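I opened this entry to look up two things.

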Protein chains: 2
Amino acid sequence: MDVQTAEDRALDAAEDLFYRRGVHAVGMDDIRDTSRVSLKRLYQLFPNKERLVTAFLQRRDVRWRGGLTDHVARVEDPRERLLAVFDWLRTWFVDPDYRGCAWINCFGELGATSPAVAEEVRTHKEGFRRLLRDLSAAAGYDDDLAEQLLILAEGAIVTAAITGDPAAAHQARAAAGKLLG
Amino acid sequence: MDVQTAEDRALDAAEDLFYRRGVHAVGMDDIRDTSRVSLKRLYQLFPNKERLVTAFLQRRDVRWRGGLTDHVARVEDPRERLLAVFDWLRTWFVDPDYRGCAWINCFGELGATSPAVAEEVRTHKEGFRRLLRDLSAAAGYDDDLAEQLLILAEGAIVTAAITGDPAAAHQARAAAGKLLG
DNA sequence: TGACACTGAGAACTGACGTTCTCTACCTTA
DNA sequence: TAAGGTAGAGAACGTCAGTTCTCAGTGTCA
């Protein structure tokens with residue numbers, strides 16, 4: 001039944017709590033209570049809270065990009081594939097637990113004080129950019145278009161989070177369609 | 001020489017420090033040291049830290065929208081006026097002190113725990129949306145276009161903050177130009 | 001069996017920080 | 001001048017949260 005390692009349980013708790021409430025609002029005690037991993041073990045796995053934060057961002061990055069990659073791979077046409085990115089965003093926005101981009105949120109909260117977190121955020125966004133560039137290139141578009149789609153995606157993520165309205169995905173998709181010509 | 005009120009000085013310090021380092025990273029002691037307003041007076045002016053945060057966001061909102069409004073007002077052609085929004089964003093991004101959108105940052109940090117701050121952020125974004133709708137309508141475009149420009153602007157703001165590269169304003173402007181046809 | 005390493009639960013430590021209190025000095029006004 | 005209100009400086013308070021420590025229990029291996 002419970003074959004997860006203590007590390008997995010700790011990261012699950014970290015991801016759930018940090019994303020939902022923000023990093024400062026969650027104490028290591030909360031992580032312990034939710035993960036049922038003792039503080040002693042937590043500090044063996046992650047030497048401090050900052051490392052737990054970066055570890056959760058790293059693991060989430062793998063899942064996030066994987067989910068997006070899998071979704072667009074189901075679409076044949078290269079141009080439609082680019083638009084499918086915004087369909088995937090929409091499925092994310094309608095999640096009742098959606099609270100914006102974990103990396104943007106962490107950047108706003110810790111970017112100025114934690115170089116490690118700031119670096120993690122840049123790494124994630126760079127990965128997203130690379131993904132869009134690859135999709136764009138495959139559809140015969142240049143890097144400028146990929147950059148503009150990235151801006152649209154980021155804008156939709158932020159707008160959907162603040163307004164609570166998933167319609168931002170639809171608007172971004174429509175704008176992307178116009179950019180694709 | 002120093003005709004500023006204690007409230008002005010407190011808000012100046014709050015704006016500078018909260019924006020630069022984030023809210024949690026700045027203590028009321030720091031506000032006192034920077035503003036030279038005693039803690040006693042600070043707490044007379046703002047009953048708690050949260051109210052100081054919302055007050056700084058409110059005052060910044062007035063200045064921010066005012067600066068944008070003034071900038072685009074200098075452009076005659078209604079269509080060019082919409083594009084001038086992105087020129088104005090660029091002048092903001094090149095500021096060495098640029099650290100993204102204060103409201104988005106505060107939303108990521110406090111949105112989940114402070115309803116008052118979350119409301120302040122929504123108010124600001126709603127004001128920005130209204131501004132873009134008015135500009136769009138004056139140029140003969142509909143609300144959908146305004147919404148797409150809003151998404152582009154938000155995306156540029158976030159991307160410029162994380163990458164540190166003001167080029168996001170240029171890309172967003174180019175995309176906006178294509179949307180305007 | 002017995003020494004030993006490791007674990008969990010939780011107490012304890014430590015510093016930070018939001019908030020309040022104390023005390024003295026100054027200004028205003030009758 | 002006297003009285004009272006207000007301000008400033010900073011100490012003090014209480015809580016919280018990151019981190020470490022204690023101690024008893026348990027499994028492992030010679």
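**Entry 1: the surface at DNA strand C**

I listed the residues around DNA strand C: S38(A), K40(A), R41(A) and Q44(A) from chain A, with V26(B), G27(B), M28(B), L39(B), K40(B), Y43(B), N48(B) and K49(B) from chain B. I keep in mind that this is a predicted model.

I then sorted this surface by class. It holds four nonpolar, four polar and four charged residues.

Which helices supply at least two residues each of the surface near DNA strand C? I found α3 (39-45) of chain A and α3 (39-45) of chain B.

Next I looked at the DNA side. Among the atoms of DNA strand C within 4 Å of the protein, 50% are sugar or phosphate atoms, and the rest belong to bases.

I checked phosphate oxygens of DNA strand C against polar side-chain atoms. For K49(B) the distance is 2.5 Å. For Y43(B), a side-chain N or O atom is 2.9 Å from a phosphate oxygen.

I turned to the division of chain A. Domain 1 covers 1-47 and domain 2 covers 48-180. Their centres, taken over C-alpha atoms, are 25 Å apart.

How many residues are in contact on each side? I noted 18 from domain 1 of chain A and 19 from domain 2 of chain A.

I looked up the buried area as well. The two domains of chain A bury about 1800 Å² between them, and carbon and sulfur atoms give 62% of this. On the domain 1 side, E15(A), Y19(A) and V23(A) lose the most area to domain 2, together 41% of what that side buries.

I went on to the charged pairs. The rule finds four salt bridges across the interface of domain 1 and domain 2 of chain A. I looked at the one between R60(A) and E15(A), with 3.1 Å from N to O. E15(A) is also among the residues of domain 1 that lose the most area to domain 2.

For polar contacts across this interface, I noted 11 residue pairs, both residues at pLDDT 80 or more. On the domain 1 side, α1 (6-21) and α2 (28-35) of chain A each supply at least two residues. α1(A) gives the most, with nine residues. By class, this side has 11 nonpolar, two polar and five charged residues.

Note on methods. Residues are numbered from 1 along each chain as its sequence is written. Chains are lettered from A and ligands numbered from 1 in the order in which they are written. This is a predicted model: local features need pLDDT of at least 70, side-chain atom pairs count only at pLDDT 80 or more; totals for chains, interfaces and linings use all residues. Side-chain values use heavy atoms; hydrogens and water are left out. A residue is near a molecule or strand if one of its heavy atoms lies within 4 Å of it. A polar contact is a pair of N or O atoms within 3.5 Å; within protein, one must be able to donate a hydrogen and the other to accept it, and residues adjacent in sequence count only if both atoms are side-chain atoms. Helices (H or I, at least four residues) and strands (E, at least two) are DSSP runs, numbered from the N terminus. Ala, Val, Leu, Ile, Met, Phe, Trp, Tyr, Cys and Pro count as nonpolar, Asp, Glu, Lys and Arg as charged, and the others, Gly among them, as polar. Domain bounds come from an automatic or database domain assignment. Contact means heavy atoms within 4.5 Å. Buried area is the accessible area (1.4 Å probe) that two parts lose on being put together, summed over both. A salt bridge is a side-chain nitrogen of Lys or Arg within 4 Å of a carboxyl oxygen of Asp or Glu.
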